[in-house]
Amino acid sequence: MRCLAFLLLTASPLLAADDWNQFRGPTGDGIAPASSKPPVKWSEKENVRWKTAIHDKGWSSPVVWGDKVWVTTAQEKGKSFYVLGLDVNTGKVLHDLHLFDVNPLDTNDPKDVSQYNSYASPTPVVEAGRLYAHFGSHGTVCLDTNTGEKIWERRDLLCNHFRGPASSPIVYKDWLYLTFDGFDPQYIVCLNKKTGETVWRKDRTLPYKNSGNPKTDNDYKKAYATPSVFEIDGKPQLVSSAAMGTIAYDPATGDEIWRVITDGMNEACRPILAHGLIYLTAGSKSSLFAVKAGMTGDITQTGVAWKFVRSAPTKSSPVVVGDLLFFVNDTGVPCCLDAKTGKKYWQEGSFGGKFAASPVYADGRIYFAGESGKTYVIAAGRQYEPLAKNVLDSGCLASPAVVGNALLLRTHTHLYRIEAGK
């Protein structure tokens with residue numbers, strides 16, 4: 001049985017079957033509830049329940065609580081920031097909230113952000129009555145999901161993201177965790193989710209590399225990963241990947257529990273837990289690591305159970321289904337490994353095009369959404385079995401969400417509800 005990768009231990013009601021409350025879903029690992037049965041095939045003319053245009057630009061993934069789905073978006077050059085709330089059943093826009101305007105804080109040419117990222121890439125977190133929308137150093141806002149009113153706002157947590165923010169916030173108990181692995185500085189901060197006040201902040205202490213060019217040295221310090229909270233031996237750990245390595249913190253204090261040095265910059269994978277192993281990637285090094293859970297200190301030499309050093313993703317996170325681990329790399333090459341040993345069962349030729357979105361698993365199938373507008377569906381097995389190639393007018397950088405028997409897909413231009421027979 002797979003481990004629950006993220007435990008939302010709050011006084012809020014338990015997640016309903018149709019709540020997809022954060023990046024990569026209720027357990028933070030891309031696994032849909034067992035009752036979910038989204039369609040295998042669709043197109044612009046088939047199995048689309050609704051399609052709603054989303055203004056401006058954002059790569060944040062949709063999140064769902066109750067009868068509302070939420071996304072963030074921003075003006076392409078990073079001046080104006082928004083949250084949209086839609087009726088999950090009809091696609092009608094219920095809230096279109098202009099949060100704030102800023103002068104872009106990134107000191108690079110804004111064309112770099114337009115090419116590689118958006119100013120609204122972090123996925124929000126939603127729970128009963130509240131939405132936490134994060135835009136990196138530009139601002140973090142807590143909203144009332146019924147009225148759309150601001151409960152609190154932080155605009156003073158700064159860093160130069162260099163090419164825009166992407167790390168998503170997460171909630172654990174009464175805490176909200178935000179990650180700032182920028183060009184300068186690099187740190188993780190814990191806020192009181194009720195008030196927005198800082199509980200603790202920890203600067204990164206990792207062996208960053210230098211390029212030899214003072215203008216680009218800090219480029220090796222950037223990362224875009226979202227952390228996870230795991231219960232290990234009865235105690236919680238905040239596992240947070242960064243450039244050069246991953247550090248696990250005590251969620252209450254920020255004290256370091258363990259670290260592993262993996263090398264590489266631009267790390268973007270969210271850690272997942274299964275079989276007593278924590279799965280990480282190494283960003284630009286295109287390597288995947290399986291680290292033994294339950295250790296302390298620097299475990300670089302002693303804690304790595306296995307690693308896969310060829311063709312791992314730098315942006316998309318893997319998904320573990322039973323004893324199998326699936327991923328697609330940046331150039332569209334899908335792969336299946338034994339999750340316990342790292343043995344490769346299969347690796348196929350490229351789907352074609354680029355892939356940044358993380359896959360989801362539902363009803364025995366893996367869904368891979370690409371940047372070209374094509375979503376590939378395969379059987380989650382030891383043998384490669386393609387099931388469908390589905391084409392929409394525009395592509396995905398946001399990861400899919402699963403709501404009941406529907407798939408929510410955010411493309412460059414629209415949000416879709418894909419559902420059989422609709």
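Ser121 is buried, at 9% relative accessible area, where buried means under 20%, exposed means over 50% and partly exposed falls in between (1.4 Å probe, protein chains only). Before going further, a word on the source: this is a predicted model, in which local features need pLDDT of at least 70 and side-chain atom pairs count only at pLDDT 80 or more, while totals for chains, interfaces and linings use all residues. Residues are numbered from 1 along each chain as its sequence is written, and side-chain values use heavy atoms, with hydrogens and water left out.

Ser121 sits in the loop between α1 (110-116) and β6 (125-127); helices (H or I, at least four residues) and strands (E, at least two) are DSSP runs numbered from the N terminus. The Ser121 side chain makes a polar contact of 2.5 Å with the side chain of Asn117. Such a contact is a pair of N or O atoms within 3.5 Å; within protein, one must be able to donate a hydrogen and the other to accept it, and residues adjacent in sequence count only if both atoms are side-chain atoms. Asn117 turns up again in the largest pocket, as one of the residues that lie nearest its centre.

Leu176 belongs to strand β11 (residues 175-181) and is buried too, with 0% relative accessibility. Tyr132 is 44 residues away from Leu176 in sequence, yet their C-alpha atoms are 8.5 Å apart in space.

**Sheets and pairings**

Strands of a sheet pair through backbone hydrogen bonds, either parallel or antiparallel. Here, two strands count as paired if DSSP finds at least two bridges between them.

Another open sheet runs β14-β15-β16-β17-β21, five strands with mixed pairing. β14 (228-232) and β21 (297-298) are at the edges with a single partner strand each, so one side of each has no neighbour in the sheet.

| Strands | Bridges | Facing residues |
|---|---|---|
| β2 and β3 (residues 68-74) | three | Val64 and Val69 |
| β8 (residues 140-144) and β9 (residues 150-154) | four | Cys142 and Trp152 |
| β16 (residues 245-249) and β17 (residues 256-261) | five | Thr246 and Val260 |

β8 and β9 make a hairpin with five residues between them, and Gly148 in the turn has a positive phi of about 80°.

**Pocket and cavity**

On a 1 Å grid over the protein atoms alone, a cavity is a set of points where a 1.4 Å probe fits but cannot get out, while a pocket is an open set with protein on both sides within 12 Å along at least five of seven lines; lining residues have an atom within 4 Å of a point. Grid points are joined across faces, edges and corners, and a volume is the space filled by probe spheres set on the points.

The largest pocket holds about 810 Å³. Its lining has 29 residues, with Trp59, Tyr116, Asn117, Lys315 and Ala356 nearest the centre.

There are two cavities of 30 Å³ or more.
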